[in-house]
Amino acid sequence: MPAIFPRWTNNIPLAVAVLGPFALAGLVGFVWYYFSPKYTDAGYRPIQPVPFSHKLHAGDMGMDCRYCHNTVERAAVAAVPPAATCMNCHSLVKTDSPRLKLVRDSFETGETIPWVRVHQLPDFAFFDHRPHLAAGVGCSSCHGRIDQMTIVEMAKPLSMGWCLECHRDPEPNLRPVDQITNMAWDPATDGKAYDAAKDPKRKRDVNPPEHCSGCHR
């Protein structure tokens, strides 16, 4: 009886046994990275209704983050400033700029500007800015160098694994409390001379939770 399949097909089971684990490992690695927030979320940079430049305001002009996000130290969320905050300056500066028309209209009518949210956690994850800033975690640790962004983008993945890395070893991300909004503070250099345990301004030790209920309440 003639053979139905060629002789080389006898090697297929051996090839599957040898190459299968490598293919499976490659598939897992592909999904692990390309389906993770580090790839799918980091770098997200939506176009906003008003072309506000953090590079100009926070970088070149040196405005403190808390001037606009004034609830960040006393509320769970950092407030998006109302048009009235913008008009504190722009009632005198660039008063006729077409790029700021939506801000002027919002100030006059009370209609909110439809900003597109950039940093957003899932509803099942609880995050409070207050304990993080009180611990000395700077804005740039989570948001990146905002002062260098003309268009704000999501610089970090904000995934559970990423958060847990910091909760398990917070020291590299801690700085003097009075430097939390200083984007230029560099933990690789300035951090070497800073010891959180010896900071007299700290009222308690930093002990971030690692249990589930710390973030899922």
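The model is predicted: local features need pLDDT of at least 70, side-chain atom pairs count only at pLDDT 80 or more, and totals for chains, interfaces and linings use all residues. Residues are numbered from 1 along each chain as its sequence is written, and side-chain values use heavy atoms, with hydrogens and water left out.

## Salt bridges

The structure holds 7 salt bridges. The term requires a side-chain nitrogen of Lys or Arg within 4 Å of a carboxyl oxygen of Asp or Glu.

| Pair | Closest N to O |
|---|---|
| Asp64 and Arg66 | 2.9 Å |
| Arg168 and Glu210 | 4.0 Å |

Asp64 is partly exposed at 31% relative accessibility. Arg66 is also partly exposed, at 28%.

What separates Arg168 from Glu210 in sequence? Arg168 forms its salt bridge with Glu210 at 4.0 Å. Arg168 lies in helix α9 (residues 160–168) and Glu210 in the segment after α9, so the pair ties together parts that are 42 residues apart in sequence. Helices are DSSP runs (H or I, at least four residues), numbered from the N terminus. Arg168 is exposed, with 56% relative accessibility. Glu210 is partly exposed at 49%.

## Helix α6

Lys101 is partly exposed at 47% relative accessibility. Asp105 is partly exposed at 27%.

Which residues of α6 are buried? They are Val103, Arg104 and Ser106. Seen down the axis of α6, the buried residues fall within an arc of 160°, so they line one face of the helix. The arc is taken from the directions from the helix axis to the C-beta atoms. On the face turned away from the buried side, α6 carries the exposed residues Glu108 and Thr109.

The cover over the buried residues of α6 includes α5 (83–90). Phe107 lies in α6. Its relative accessible area is 46%, so Phe107 counts as partly exposed. Leaving aside neighbours within four places in sequence, Phe107 is in contact (heavy atoms within 4.5 Å) with Ala83, Ala84 and Met87. From Phe107 to Met87 the C-alpha distance is 7.6 Å, across 20 residues of sequence.

Thr85 lies in helix α5. Thr85 is buried, with 14% relative accessible area. Apart from neighbours within four places in sequence, Thr85 is in contact with Tyr67 and Cys68.

After α6 comes Gly110, whose phi is positive, near 85°. Glu111 is in the loop between α6 and α7 (129–135). Glu111 is exposed, at 56% relative accessible area. Glu111 and Ser91 are 20 residues apart in sequence, and their C-alpha atoms are 18 Å apart in space.

## Nonpolar cores

A nonpolar core is a set of buried Ala, Val, Leu, Ile, Met, Phe, Trp, Tyr and Cys residues joined through side-chain atoms within 4.5 Å. The largest has 9 residues: Cys65, Val118, Cys139, Ile146, Met149, Val152, Met154, Leu158 and Met183. Another core, of 7 residues, lies apart from it; among them are Val50, Ala83, Cys86 and Leu100.

Met149 is one of the residues of the largest core. Not counting residues up to four places away in sequence, Met149 touches Ser53, His54, Lys55, His143, Gly144 and Ala155.

## Surface patch

In soluble globular proteins, nonpolar side chains tend to be buried together. Here a nonpolar patch also lies on the surface. Patch residues have over 30% relative accessible area and no salt bridge; like charges are joined within 9 Å, nonpolar side chains (Val, Leu, Ile, Met, Phe, Trp, Tyr) within 5 Å.

The patch is formed by Leu24, Leu27, Val28, Phe30, Val31, Trp32, Tyr33, Tyr34, Phe35 and Tyr39. Together they have about 1100 Å² of accessible area, by the Shrake-Rupley method with a 1.4 Å probe, where for residues only the protein chains shown count as cover. Helix α1 (residues 12–34) gives the most to the patch, with 8 residues. Leu27 lies in α1.

Key: Buried means under 20% relative accessible area, exposed over 50%, partly exposed in between (1.4 Å probe, protein chains only). Helices (H or I, at least four residues) and strands (E, at least two) are DSSP runs, numbered from the N terminus.
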